[in-house]
Amino acid sequence: MASVSNAAPAKRLGRAPRLAPEERREQLMACALRVFARRGIGAARHAEIAAEAGVAVPTVFAYFQNREALVHEVLSDVDRYLSDMVWTAAGEGETVFEKLLSVVRAFAERVESDPDRMKIWLNWSTAMRDEVWPLYEDLQRRVIVHFVELIRTGQKQGEVEPAVNPEVAAYMVVGGGHMIAQMKFTGRAPADVEEYLETLVLGALHPRSGVKNA
C-alpha cells in the first residue's frame, strides 16, 4: 500500500493584484522611490523595482521602457515634490525672512516625513553625471531665481539692506539644504535644527562686514 506523505504542499507564488494602469504606475513609482533611496541613482535597476512591487520585470519595462526613462521619471517626481514644497512654503509669512524661514522649515520637515525622496535629492545633488546633473542644475536654478525675487522684493520694502547681494544670499539658503538634511538624518535635537534654520536665513539676509549700503 502506498504511503501517504504528511508534507505540506509547496506554496505557489501568488500574483500581484490586478491594478488599473494608472494605479500600477503609481505603485511602481512608489517602489522605485524606495529602491532609488536605498540603492542610489546609479545602482537602481528595473529588476529590483519588480521585486519590490511583486511583479514580473517586463511589467516594470512596460511603464519605464529603459533605464534612462526610469531615472528621468524618478528625478522628475522628486523635482515636482520639492518645487511644490518650495513655492507653497514661500507663500507663507509676510516678510522675506518669514518666507525663507518657512521654506527651510518645510524642507527640514520633509526630511523626516518623506526620507526616500530626500535621500534621492541628496544623491542627485552630488551625482555630477551628464545624464542627471543638468536636471539638478535646472531645479536649483529655478529655486534660486525664486529666492532672488523674494529678496529683491524685501529690499524694495525696506526689510533687507541694499548691500545684500540677492543672488549670493539665495545661494547661501539653498546651500544650507545639505546641512539641514544631515542634521535631521543624524537625529539632532529639534531645538538645534531650529536654531540652525533661523541662523541660516538671518545670515543670508545680513550684509557682509565692511560692505556699505548703496
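Biologist: At what angle do helix α4 and helix α7 pack, and how far apart are their axes?

Modeller: In this predicted model, α4 (residues 67-90) and α7 (residues 133-156) pack at about 5°, with the axes 10 Å apart. That makes α4 roughly parallel to α7, where angles under 35 degrees count as roughly parallel. The axes are lines fitted to C-alpha atoms over the stretch in contact, and angles run from 0 to 180 degrees between N-to-C directions.

Biologist: Which residues make that contact?

Modeller: From α4 you have His72, Leu75, Asp79, Leu82, Ser83, Val86, Trp87 and Ala90. On the α7 side it's Leu135, Leu139, Arg142, Val143, His146, Phe147 and Leu150. Contact means heavy atoms within 4.5 Å.

Biologist: And how do they divide into nonpolar, polar and charged?

Modeller: 10 nonpolar, 3 polar and 2 charged. Here Ala, Val, Leu, Ile, Met, Phe, Trp, Tyr, Cys and Pro count as nonpolar, Asp, Glu, Lys and Arg as charged, and the others, Gly among them, as polar.

Biologist: OK, switching to α2. Which of its residues are buried?

Modeller: In α2 (residues 46-53), His46, Ile49, Ala50 and Ala53 are buried, meaning under 20% relative accessible area with a 1.4 Å probe, protein chains only. Seen down the axis, they fall within an arc of 100°, so they line one face of the helix. That arc is taken from the directions from the helix axis to the C-beta atoms.

Biologist: What do they pack against?

Modeller: The buried residues of α2 pack against α1 (21-39), α3 (57-63) and α4.

Biologist: Pro190, then: buried or exposed?

Modeller: Pro190 has 67% relative accessibility, so it counts as exposed; the cut-off is over 50%. Pro190 sits in helix α10 (residues 190-205). Its C-alpha is 9.9 Å from that of Ala108, 82 residues away along the chain.

Biologist: Zooming out, how many helices and strands are there?

Modeller: 10 helices and 0 strands, taken as DSSP runs: H or I of at least four residues for helices, E of at least two for strands. Of the 214 residues, 40% count as buried. Among contacts between residues at least 6 apart in sequence, 66% join residues at least 24 apart.

Definitions and conventions. Residues are numbered from 1 along each chain as its sequence is written. This is a predicted model: local features need pLDDT of at least 70, side-chain atom pairs count only at pLDDT 80 or more; totals for chains, interfaces and linings use all residues. Side-chain values use heavy atoms; hydrogens and water are left out. Angles under 35 degrees count as roughly parallel, over 145 as roughly antiparallel, 65 to 115 as roughly perpendicular and the rest as oblique.
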